[in-house]
Amino acid sequence: MCGIVGYVGKRNAQNVLLDGLEKLEYRGYDSAGVALALDGGIRVVKSKGRLAELRKKLELQALAESGCGIGHTRWATHGEPNDTNSHPHVSQNGKIAVVHNGIIENYLEIREFLQQKGVQFASQTDTEVVAQLMEYCMGLPEVETVSDALYMVLHRIEGAYALGILCSDDPDHVYAARKDAP
């Protein structure tokens with residue numbers, strides 16, 4: 001079980017995300033994290049442990065304000081609770097950040113496919129597969145938009161899930177998808 005939240009608007013996304021995660025913290029105490037769309041790309045801050053640890057890290061980093069972001073509280077299902085396996089997960093080139101609740105049942109198959117294409121994984125999670133597959137799909141010649149890539153990803157992954165996705169190519173939007181009852 002995990003909690004995910006996304007925000008797009010005029011307020012400081014970091015504050016909105018932290019407020020939302022506070023309300024969802026009961027859904028996961030293993031770790032917490034946020035991804036913010038900032039000038040120059042996506043910035044991810046995550047921490048093992050409770051939300052208070054993430055708040056401390058964010059205070060020290062004093063990031064610029066963003067109007068768009070995603071956040072996550074984690075109860076580990078794939079991969080041990082640590083900073084690396086914490087969400088959000090970012091694709092190899094940093095273009096995609098993903099938060100996820102649920103289980104991607106065919107993640108090992110997709111991971112193996114992507115590794116054969118030269119993709120390197122940082123975590124042990126099923127969630128990172130979504131970020132890496134999304135970036136891979138965005139590089140295909142038939143893909144023109146982030147929505148096109150997301151459509152391809154959703155037709156490839158199996159399981160019950162809810163996803164929140166940021167893309168550095170479209171920093172003013174949060175993409176969301178849900179299948180079944182994660």
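A residue is called buried here when its relative accessible area is under 20%, exposed when it is over 50%, and partly exposed in between (1.4 Å probe, protein chains only).

The structure is predicted, with local features needing pLDDT of at least 70 and side-chain atom pairs counting only at pLDDT 80 or more, while totals for chains, interfaces and linings use all residues. Residues are numbered from 1 along each chain as its sequence is written, and side-chain values use heavy atoms, with hydrogens and water left out.

Ala62 sits in the loop between H2 and E4; helices (H or I, at least four residues) and strands (E, at least two) are DSSP runs numbered from the N terminus. The phi of Ala62 is near 45°, a positive value in a residue other than glycine. Most residues other than glycine have a negative phi.

Now to helix H1. This helix covers residues 13–24, and its 12 residues reach 16 Å from first C-alpha to last, close to the 16 Å expected at 1.5 Å a residue (the expected span is 1.5 Å times one less than the number of residues). Its buried residues are Ala13, Gln14, Val16, Leu17, Leu18, Gly20 and Leu21. Their cover includes strand E1 (3–8), strand E2 (31–38), helix H2 (51–61) and strand E4 (68–74).

Leaving aside neighbours within four places in sequence, Gln14 is in contact (heavy atoms within 4.5 Å) with Leu36, Leu58 and Leu63.

Next come the helix pairs. Axes are lines fitted to C-alpha atoms, for helices over the stretch in contact, and angles run from 0 to 180 degrees between N-to-C directions. A crossing is left-handed if the near helix is turned anticlockwise from the far one by less than a right angle, and right-handed if clockwise.

| Pair | Axes | Angle | Handedness |
|---|---|---|---|
| H1 and H2 | 11 Å apart | about 170° | left-handed |
| H3 and H4 | within 10 Å | roughly 45° | left-handed |
| H4 and H5 | within 9 Å | roughly 130° | right-handed |

H1 and H2 pack at an angle of about 170°. That makes H1 roughly antiparallel to H2, on a scale where angles under 35 degrees count as roughly parallel, over 145 as roughly antiparallel, 65 to 115 as roughly perpendicular and the rest as oblique. Gln14, Leu18, Asp19, Leu21 and Glu22 of H1 meet Leu51, Leu54, Arg55 and Leu58 of H2.

The axes of H3 (residues 107–116) and H4 (residues 127–138) cross at roughly 45°, which makes H3 oblique to H4. On the H3 side the contact is made by Tyr107, Ile110, Arg111, Phe113 and Leu114, and on the H4 side by Val129, Gln132, Leu133 and Tyr136.

H4 and H5 (residues 146–156) cross at roughly 130°, so H4 is oblique to H5. Val130, Leu133, Met134, Cys137 and Met138 of H4 face Val146, Ala149, Leu150, Met152, Val153 and Arg156 of H5 in this contact.

Finally, Asn106 lies in the loop between strand E6 (96–104) and H3. Asn106 is buried, with a relative accessible area of 7%. Not counting residues up to four places away in sequence, Asn106 touches Arg156, Ile157 and Glu158.
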